[in-house]
Amino acid sequence: MDGLSVVIPALNAETLLAGALTALGPGLEIIVVDGGSTDRTCEIAAEAGARVLAAPRGRGSQIAAGIAAATGPWLLILHADTRPGAGWRHAVASHRTAPDRAGYFRFVLDSPAAGARRLERLVAWRCRVLGLPYGDQGLLIHRDLLRAVGGVKTLPLMEDVDLVRRLGRGRLRLLAADAVTSAARWERDGYLRRSARNVFCLSLWFAGVPPRIIRRMYG
């Protein structure tokens with residue numbers, strides 16, 4: 001897909017990264033920015049044809065490094081445990097007529113659990129009412145718009161919330177495709193406990209607590 005660069009921050013993501021890279025498919029500039037993995041993350045990325053960079057650990061720092069290295073005018077920021085669903089290329093192509101807006105995918109978990117469906121509905125409400133999509137929904141943005149709002153800050157956590165808040169609801173658009181995210185964290189911690197922790201961390205962010213402190217609680 002001409003003019004699109006995909007930036008993926010990764011850290012010890014060997015079990016999930018291959019799925020994301022496979023779902024993206026050929027013909028893309030894909031930049032995997034590693035934050036110091038001790039597993040086969042870098043090897044898997046290279047074997048799939050991605051460009052692999054190293055950056056200081058922290059999604060903000062890693063994403064910023066990937067964007068600086070990317071060549072396309074359009075950027076798709078994607079987490080390593082998230083894969084774009086069917087029809088994502090068509091959704092991206094349709095959105096590229098609106099360079100003054102950023103796009104995000106529908107949040108879907110790869111689990112049949114009832115808790116997953118409840119969380120998906122909650123996230124849809126959060127995006128629709130509060131205008132707060134998170135990084136695990138992907139973010140499609142034109143480089144000029146990203147530059148206009150100040151770029152991606154080199155934060156260890158909450159870089160996604162920081163960016164979408166600067167964009168504002170009026171410059172965000174839901175794309176007609178899914179972002180399928182691993183449910184492993186929720187199934188490990190429990191859907192209620194994990195979601196409550198995320199809300200608590202978000203509350204700390206809005207209260208002005210430094211992201212480096214919030215990261216310790218995030219897990």
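A salt bridge is counted here where a side-chain nitrogen of Lys or Arg lies within 4 Å of a carboxyl oxygen of Asp or Glu. A search of the whole structure finds 11 salt bridges. The model is predicted, so local features need pLDDT of at least 70 and side-chain atom pairs count only at pLDDT 80 or more, while totals for chains, interfaces and linings use all residues. Residues are numbered from 1 along each chain as its sequence is written, and side-chain values use heavy atoms, with hydrogens and water left out.

One of the salt bridges joins the side chains of Arg-59 and Glu-159, at 3.2 Å from N to O. Arg-59 lies in helix 3 and Glu-159 in helix 7, so the pair ties together parts that are 100 residues apart in sequence. Helices (H or I, at least four residues) and strands (E, at least two) are DSSP runs, numbered from the N terminus. Glu-159 is buried, with a relative accessible area of 4%, whereas Arg-59 is partly exposed at 22%. In these terms, buried means under 20% relative accessible area, exposed means over 50%, and partly exposed is in between (1.4 Å probe, protein chains only).

Helix 7 also holds Asp-162 and Arg-166, 4 residues apart, about one turn of the helix. Their side chains meet in a salt bridge of 2.6 Å, N to O. Asp-162 is buried at 9% and Arg-166 is partly exposed at 22%. Elsewhere, salt bridges that share partners join Arg-188, Asp-189, Arg-194 and Arg-197 into one network.

A further salt bridge links Asp-178 and Arg-106, whose closest N and O atoms are 2.8 Å apart. Asp-178 is in strand 8 (residues 172–181) and Arg-106 in strand 6 (residues 102–109), so this pair connects parts 72 residues apart in sequence. Both are partly exposed, Asp-178 at 25% and Arg-106 at 37%.

Next comes strand 4. In a regular strand the side chains alternate between the two faces of the sheet. Trp-74 and Leu-76 point one way from strand 4 (residues 74–77), Leu-75 and Ile-77 point the other way, and all are buried. Strand 4 runs parallel to strand 1 (residues 4–10), to which 4 bridges join it, and Leu-76 is the bridge partner of Val-6. Strand 7 (residues 139–142) runs antiparallel to strand 4, also with 4 bridges, and there Ile-141 stands opposite Leu-75. Strands are taken as paired if DSSP finds at least two bridges between them.

Most residues other than glycine have a negative phi. Asn-12, in the loop between strand 1 and helix 1 (17–24), has a positive phi near 50 degrees. Met-158, in the loop between helix 6 (143–148) and helix 7 (159–167), has a positive phi of about 70 degrees. Asn-12 is partly exposed at 40%, but Met-158 is buried at 8%.

On the surface, Arg-57, Arg-212, Arg-215 and Arg-216 gather in a patch of positive charge. Patches are made of residues with over 30% relative accessible area and no salt bridge, like charges being joined within 9 Å and nonpolar side chains (Val, Leu, Ile, Met, Phe, Trp, Tyr) within 5 Å. Lys and Arg count as positive and Asp and Glu as negative, with His and the chain ends not counted. Arg-216 is in helix 10 (residues 211–218) and is exposed at 67%.

Note on methods: Accessible areas come from the Shrake-Rupley method with a 1.4 Å probe; for residues, only the protein chains shown count as cover. The place of a charge is taken as NZ of Lys, CZ of Arg, CG of Asp or CD of Glu.
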